[in-house]
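Visitor: I'm new to protein structures and would like to learn how to read one. Could you take me through it, a feature at a time?

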Amino acid sequence: MTRNKTPSVKRIAAKAKPAAKKAAPKVKAAPAAPAKILPRHPKARVADGHGSKAALAKAIAPLLARTDQDTGALEDRLKKASNAQLLRLQRATQTLQKKYGNREKLIVAIGEAQRKAKDKDYLAKLDTYSLPVLLDLAAAGSVRA
């Protein structure tokens, strides 16, 4: 059997390529000041912002303490807490200071939002709650209002 092959066609002349346009040289802008890269790990964030875990615990202990709590004992307990928990508590204390000023004003604001400002037992019970719980109650009360 014979194969029917088509004869290959040789190209006589290669197609001329169009001349490439030379691009203008890129002008490099002056390097911008590098953005400060913050550490991601909680231990590094505590060290970067406060120096040590003990310093952060000492800074947030007075704001977290209830009226019947000793700040020194609370500070000792906070030194044993995890770095992530200390950072969470620090955000809570910053929110407290920005929005309400102190713990007593926060409790009064929650009582007014719940329409229980005159109920002394309710306000006394609120004083036993932790700061993050109080902030959650205040946020829920503001949504309802």
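Visitor: Which residues of helix H5 are buried?

Guide: Here is the general idea. An α-helix has 3.6 residues a turn, so residues three or four places apart point the same way. In this structure, H5 covers residues 103–113, and its buried residues are Arg-103, Leu-106, Ile-107, Ile-110 and Gly-111. They sit on the same side of H5 because they cover an arc of only 140° around the axis.

Visitor: What covers the buried residues of H5?

Guide: The cover includes helix H2 (53–64), helix H4 (83–99), helix H6 (120–127) and helix H7 (131–144).

Visitor: What can I find at the start of H5?

Guide: Look for Asn-102 there. One of its side-chain oxygens comes to within 3.4 Å of the backbone nitrogen of Glu-104.

Visitor: Let me go back to Arg-103. Is that residue buried or exposed?

Guide: Buried means under 20% relative accessible area. Arg-103 has 5% relative accessibility, so it counts as buried. Leaving aside neighbours within four places in sequence, Arg-103 is in contact with a list of residues that includes Leu-64, Arg-66, Leu-96, Leu-126, Asp-127, Tyr-129 and Leu-134.

Visitor: Tyr-129 is on that list. Where is the place of Tyr-129?

Guide: Tyr-129 is in the loop between H6 and H7. With a relative accessible area of 29%, Tyr-129 is partly exposed.

Visitor: Which residues are buried in H3?

Guide: The buried residues of H3 are Leu-74, Glu-75 and Leu-78. They line one face of the helix, because they fall within an arc of 105° when you look down the axis of H3. What covers them includes H2 and H4.

Visitor: What makes Glu-75 count as buried?

Guide: Glu-75 has a relative accessible area of 18%, and the cut-off is under 20%, so it is buried. Leaving aside neighbours within four places in sequence, Glu-75 is in contact with Ala-57, Lys-58 and Ala-61.

Visitor: How many residues does the largest nonpolar core have?

Guide: In soluble globular proteins, nonpolar side chains tend to be buried together. Here the largest nonpolar core has 25 residues. Those with the most contacts inside it are Ile-60, Leu-64, Leu-78, Leu-106, Ile-110, Leu-126 and Leu-131. H2, helix H3 (71–79), H4, H5, H6 and H7 each supply at least two residues of this core. Take Leu-64: beyond residues up to four places away in sequence, it touches Gln-69, Leu-74, Leu-78, Leu-89, Thr-93, Arg-103 and Leu-131.

Visitor: Let's step back. How many helices and strands does the chain have?

Guide: The chain has seven helices and zero strands. Of its 145 residues, 25% count as buried. Among contacts between residues at least 6 apart in sequence, 57% join residues at least 24 apart. The chain exposes about 11,800 Å², with carbon and sulfur atoms supplying 56% of that area.

Visitor: And where is confidence lowest and highest?

Guide: Where pLDDT is low, the predicted coordinates should not be read in detail. For this chain the average pLDDT is 81, and 76% of the residues score at least 70. Confidence is lowest in helix H1 (residues 42–50), with a mean of 84, and highest in H4, at 91.

Definitions and conventions: Residues numbered from 1 in each chain as written. Predicted model: local features only at pLDDT ≥ 70, side-chain atom pairs only at ≥ 80, totals over all residues. Heavy atoms only, no water. Helix = DSSP H or I, 4+ residues; strand = E, 2+ residues; numbered from the N terminus. Buried < 20%, exposed > 50% of the residue type's maximum accessible area, 1.4 Å probe, protein only. Contact = heavy atoms within 4.5 Å. Areas by Shrake-Rupley, 256 points an atom, 1.4 Å probe, with all protein chains shown as cover. Arc of directions from axis to C-beta. Polar contact = N/O pair within 3.5 Å; in protein donor to acceptor, adjacent residues only side chain to side chain. Core = buried A, V, L, I, M, F, W, Y, C linked by side-chain atoms within 4.5 Å. pLDDT = per-residue confidence, 0-100.
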